[in-house]
Amino acid sequence: MRLTPVKQSPALSELAGGPVWLKCEHHQETGAFKLRGAANAVARLGDVAGVTTASTGNHGRALAYAARQVGLPAVICVSRLVPENKRAAITALGAEARVTGASQDEAFEEARRLEREEGFALIPPFDHPDIVAGQGTLGLEILDQLPDAATLAIPLSGGGLLAGVALAAKARRPEIRIIGISMERGAAMAASLSAGHPVEVEEVETLADSLGGGIGRDNRLTFALCRDLMDGMILLSEAEIAAGIRHLAREDGETVEGAAAVGAGAVLAGKLRARGGPLVLLLSGGNIDPALHREIVGETS
Ligand SMILES: *Cc1c(COP(=O)(O)O)cnc(C)c1O
């Protein structure tokens, strides 16, 4: 596990009306923060035949990495929407990437079967106390690096990341603001929060593919934690996400995936400003198909 760097973004600071810092967690081993939760969950396992999960990519990759470190077999169930580069990254770590179903929820069925019938431990991507606790180390790390942070902008999907970071950061600094950011297309947590209970949304393709997938109808932890701890929520169009990717590459020299570009996208769209102190954008992952990244960064606009 790496202590990932923070750096100031001059161009985004200008636009946001105050200091903007980038927490460069896309430089984490496996290319995303998911290793924090997965490694914590694996470290706490008893005697199991192996580990399994359903994943849009980064959690599966992190679990494969954490399992290999302790010599456990890993079967990662992925839906047909998951990009080829993310599947290849899982296989390269010695795990099986089992392609099954048209959505995250359908891929989850196969993971449940492995748990039921083959003695595997199912390590879910977000809705588990060990996962939330592991992701929460990021909140502590950010406040170690930037003790006067006023706002944390957190990419939001199932909410394990936001819940963990918010719990940890607010324990140390109660006045800190936590803003969740998702894409307009298929944001399950946003739909669930406005309905007042977990709801299913249709899963569609988005540039922020790591933010796709449901929160689970039987969500135990992250729905309530996000409802209670989040201070605001922003939704972005596909064009706004692309602008974030492009800006981070051209102005800040950082290659990130769509999910990680939402903070920059929100600042560029005028939807997020620095208020009362440093605004920290969490760059959550860097696992983007290189050809797609080149295409987006090369576009003029
Ligand atoms: C998983 C993921 C997220 C969202 O995390 P949740 O805990 O599901 O909210 C954000 N960014 C990246 C890169 C991810 O892999």
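For the lining classes used in these legends, Ala, Val, Leu, Ile, Met, Phe, Trp, Tyr, Cys and Pro count as nonpolar, Asp, Glu, Lys and Arg as charged, and the others, Gly among them, as polar. Every view shows a predicted model.

**Figure 1. The second largest pocket lies between domain 1 and domain 2.** Five nonpolar, five polar and three charged residues make up the lining of this pocket. Its volume is about 230 Å³. Among the 13 lining residues, L81, P83, E205, T206 and D209 lie nearest the centre of the pocket. Domain 1 (6-32 + 129-297) and domain 2 (34-122) both contribute to the lining, which places the second largest pocket between them.

**Figure 2. The largest pocket has a volume of about 480 Å³.** Twenty residues line the largest pocket, and F108, R112, P124, G216 and D218 are the closest to its centre. Helix α5 (residues 104-118) supplies six residues, the largest share of the lining. The lining of the largest pocket comprises six nonpolar, five polar and nine charged residues. Domain 1 (6-32 + 129-297) and domain 2 (34-122) each provide at least three residues of this lining.

Figure 3. Two or more lining residues come from each of α3 (58-69) and α7 (160-172), and α7 gives the most, with three residues. By class, the lining of the largest cavity holds ten nonpolar, 16 polar and two charged residues. Because domain 1 (6-32 + 129-297) and domain 2 (34-122) both give residues to the lining, the largest cavity lies between them.

**Figure 4. The second largest cavity holds about 30 Å³ of space.** A search of the whole structure finds two cavities of 30 Å³ or more. The second largest cavity is lined by L156, S157, S182, M183, G186, A187, A188, M189, L211 and G213. Strand β8 (177-183) and helix α8 (188-195) each supply at least two of the lining residues. Six nonpolar and four polar residues form this lining, with no charged residue.

**Figure 5. H26 is located in the loop between β2 (20-24) and α2 (34-43).** The relative accessibility of H26 is 7%, so this residue counts as buried, the cut-off being under 20%. A polar contact of 3.5 Å joins the side chains of H26 and H27. Beyond its neighbours within four places in sequence, H26 is in contact with G31, E254, T255, V256, L283, S284, G285 and G286.

Note on methods
Residues numbered from 1 in each chain as written. Predicted model: local features only at pLDDT ≥ 70, side-chain atom pairs only at ≥ 80, totals over all residues. Heavy atoms only, no water. 1 Å grid on protein atoms, 1.4 Å probe; cavity = no way out; pocket = protein on both sides within 12 Å on 5 of 7 lines; lining within 4 Å. Points joined across faces, edges and corners; volume = space filled by probe spheres on them. Helix = DSSP H or I, 4+ residues; strand = E, 2+ residues; numbered from the N terminus. Domains from an automatic or database assignment. Buried < 20%, exposed > 50% of the residue type's maximum accessible area, 1.4 Å probe, protein only. Polar contact = N/O pair within 3.5 Å; in protein donor to acceptor, adjacent residues only side chain to side chain. Contact = heavy atoms within 4.5 Å.
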